[in-house]
Amino acid sequence: MDRAPVTVPLQTGLKVIDALIPVGRGQRELILGDRQTGKTAIAIDTILNQRGKDVLCIYCAIGQRASSVAKTVATLRQHDAMDYTVLVVTEGNDPPGLAYIAPYAATSIGEYFMEQGRDVLVVYDDLTHHARAYRELSLLLRRPPGREAFPGDIFYIHSRLLERATHLRPELGGGSLTALPIIETEAQNISAYIPTNLISITDGQIYLSPSLFELGVLPAVDVGKSVSRVGGKAQRAAYRAVAGDLKLAYAQFEELETFARFGARLDDDTRKTIAHGRRIRACLKQPEFSPVAVPAQIAVLLALTAGLFDGIALDRMIDAQNAVQQAAANIPAEIAARFDSAAKLGDADREAIIELARQALAPLQPDASAARAADQQP
């Protein structure tokens, strides 16, 4: 009865997440993937993007190596994020009891600020270590292990932890607690015991694929296996207008790309879909620790859906994106004000942004024959 619907977005600064798998304030969004696929990087980027947005961030390291915690702290310091970030740390050589209690301590700190009407983001890095610490304690207490040797109540301890993330009603201050639990999969097995538990507890998941990571598509988010079950309700109308077409075009491209690898003869429409899909993938790539502001994201995504990047060679996509992002600074103030409200972008607004992007991209547009030759490369 104390809860309100999740309606306000929590901007991560990552185009692929904000456009296709949006996270709302008060939501629980699971980040999962194999070792070394960039799970912590997504969480840290989200924390860095909260600068100046009045969101208190809590980073809870559970059983991490001291060196990786030190590296994270150095990154947060370097980007001036420690002013609004609390760290709760248990290291790998700490007793299992400390690793077990750490996320509950972090959540209690978050609840204290949430009840004061603040917006809070908690990152649990990661709940695989938490589950192992709890298993260790349980086996010492002679509790019978069940599936995959975890005790039967492991589901309840995680659900009790994550259920505390919520958005409170205005009468209670309207604060929110957003949870980003991280879980490590083994050999891409998302149907293992702990991952399936957490997928069923949370309101969606961001799945990171090792094969995309190896291809250099960073962040390595697999859009097909990722979902946000609050999603559109917490997304700004300006994004919603752009994101629907984008997801469909990207899904079609991924399906067709496998056929294109066999060297099959492709008709013009298929070739165009694949060329457009490659531009989408290039636009969704993003370097670490460089969150993109909302106006710049919307300008890039609108230019993408309008097909403005389609004539640009793939190796010049980074320059093209930077040009559009810089041009976004010239978006008129009355249009930019609509990005942060529930108001939809009118046709005139869209046209104005697309025209700005078109002018920014004009110097990078090659002659048509060169672009066509580049796209026909396998």
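Start by selecting R281 and E257, which form a salt bridge with their closest N and O atoms 3.2 Å apart. A salt bridge here is a side-chain nitrogen of Lys or Arg within 4 Å of a carboxyl oxygen of Asp or Glu. R281 belongs to helix α10 (residues 268–284) and E257 to helix α9 (residues 237–261), so the pair links distant parts of the chain, 24 residues apart. Helices (H or I, at least four residues) and strands (E, at least two) are DSSP runs, numbered from the N terminus. Both R281 and E257 are buried; buried means under 20% relative accessible area, exposed over 50%, and partly exposed in between (1.4 Å probe, protein chains only).

A note on the model: it is predicted, local features need pLDDT of at least 70, side-chain atom pairs count only at pLDDT 80 or more, and totals for chains, interfaces and linings use all residues. Residues are numbered from 1 along each chain as its sequence is written, and side-chain values use heavy atoms, with hydrogens and water left out.

Next, select D349 and R338, whose side chains meet in a salt bridge (2.5 Å, N to O). D349 is in helix α14 (residues 347–361) and R338 in helix α13 (residues 333–339), eleven residues apart. D349 counts as buried at 11% relative accessibility, while R338 is partly exposed at 26%.

Now go to D119 and R25, joined by a salt bridge (2.8 Å, N to O). D119 lies in strand β4 (residues 119–125) and R25 in the loop between α1 (15–20) and β1 (30–33), so the pair ties together parts that are 94 residues apart in sequence. D119 is buried at 18% relative accessible area, and R25 is buried at 14%.

Finally, select R3, R28, E163 and D203, which are linked in a network of salt bridges. The count comes to 14 salt bridges.
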